[in-house]
Amino acid sequence: MENAELYVSSNALQKRDALLVLTEFLPQMGWQEEGETILDVGCGSGDVTHNLLMPLLPRVEQVMGVDVSNDMVNFASKTFLHNSLSFRQLDIERSVQPRVVHPDGFTKVFSFYCLHWVRDQRQCLTNIFNLLQPGGETLLVFLANNPLFDMYQNMSEKTQWNQYMQDVSKFIPVYQHKANPAQIMSDLAEDIGFNVISCDAPYFEFTFQNANILRNAIKAVNPFLKRIPSDQQNEFLRESLIELAKLKTKMNDGKSVARYNLMIAHLQRPE
Ligand SMILES: C[S@@+](CC[C@H](N)C(=O)[O-])C[C@H]1O[C@@H](n2cnc3c(N)ncnc32)[C@H](O)[C@@H]1O
């Protein structure tokens, strides 16, 4: 994901979900009078960090957004200037030296719509644990499953696109075909040392009002598009929409509906 401009205009679903989850969970978190340091992992274009997360936080001293993509970090840094907010490049799946990221660690770590990109969930959760101060809390929100990823699989089996999608399995979330994703995540978090305050994967729906909105939303997050010659990209997107419709996402009135489970994990590093 590198096209920040497209993402920022096509992420209505992600913003809707971040707002719903924040509204429910922020009041359940413990807030200090001062000294909160907040990390947003996989901040992307930075609009969720700046426009949704920051205004809803009861108290803020410092917020840092991190993302694996330099393009995203550059866009976020240029677009959202604020003296309490900074952005930097960081891959949450690699081993991370927490004290290099922030000398005292963070009191809260948030992550929205990022961890379904991560294969090594153990390393990622271990990094988040180490980035937190003792007693700190994390709220992790990401796709447990979505028909989008079955569409990727189906597209990769087509002769024309196979050569660009040989590593498709890397882009299918580890929980996509699991019967009880929340239990697996909860067990892993406990094994790493977290107190699991709650971990669920409730069912969500989101309606895309027309094909163009859906097309842009798919385009903004598609990891394969940049590999496809530019004169074939429109055809790739057209076929992607057809494959998605076969997965019962299309409604009769031209709208499309995404039906998915969203992992919502609220964890605490013990004191
Ligand atoms: C769909 S965007 C979500 C952006 C934002 N949090 C939101 O809710 O709109 C997912 C972001 O996760 C980032 N990402 C993927 N893998 C990552 C990793 N291993 N470490 C850090 N960021 C990662 C991508 O670069 C992308 O910007």
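Trainee: How many of the 10 residues of α7 are buried?

Mentor: A word on the ground rules: this is a predicted model, where local features need pLDDT of at least 70 and side-chain atom pairs count only at pLDDT 80 or more, while totals for chains, interfaces and linings use all residues. Residues are numbered from 1 along each chain as its sequence is written, and side-chain values use heavy atoms, leaving out hydrogens and water. Buried means under 20% relative accessible area, exposed over 50% and partly exposed in between (1.4 Å probe, protein chains only). By that cut-off α7 is mostly covered, and its count of buried residues is seven.

Trainee: Which elements do the buried residues of α7 pack against?

Mentor: Elements here are DSSP runs numbered from the N terminus: helices are H or I with at least four residues, strands E with at least two. The buried set of α7 is Pro-147, Leu-148, Phe-149, Met-151, Tyr-152, Met-155 and Ser-156. Using contact in the sense of heavy atoms within 4.5 Å, these residues pack against β5 (132–145), α8, α10, α11 and β8.

Trainee: Nice, so let's turn to α11. Which elements do its buried residues pack against?

Mentor: Start from the buried residues of α11, among them Phe-236, Leu-237, Leu-241 and Leu-244. The elements packed against are α7 (147–156), α8 (159–162), α10 and β8 (256–268).

Trainee: Is α10 roughly parallel or roughly perpendicular to α11, and why?

Mentor: Axes are lines fitted to C-alpha atoms, for helices over the stretch in contact, with angles running from 0 to 180 degrees between N-to-C directions. Helix α10 (residues 211–221) and helix α11 (residues 233–249) have axes 11 Å apart, at an angle of about 110°. Angles under 35 degrees count as roughly parallel, over 145 as roughly antiparallel, 65 to 115 as roughly perpendicular and the rest as oblique. That is why α10 and α11 are roughly perpendicular.

Trainee: And α2 with α3: what is the handedness of the crossing?

Mentor: The axes of α2 (residues 12–25) and α3 (residues 47–56) come within 11 Å and cross at roughly 20°, and α2 and α3 are therefore roughly parallel. Contact residues include Ala-18, Leu-19 and Leu-22 of α2 and Val-48, Leu-52 and Leu-56 of α3. A crossing is left-handed if the near helix is turned anticlockwise from the far one by less than a right angle, and right-handed if clockwise. Here the crossing is right-handed.

Trainee: Which residue in β2 stands opposite Asp-40?

Mentor: Two strands pair if DSSP finds at least two bridges between them. Strand β1 (residues 37–41) is joined to β2 by five bridges, and the two run parallel. Strand β2 (residues 62–67) has five of its six residues buried. Opposite Asp-40 stands Gly-65.

Trainee: Now a single residue. Is Met-185 buried or exposed, and why?

Mentor: Met-185 is found in helix α9 (residues 181–192). Because its relative accessibility is 0%, Met-185 counts as buried.
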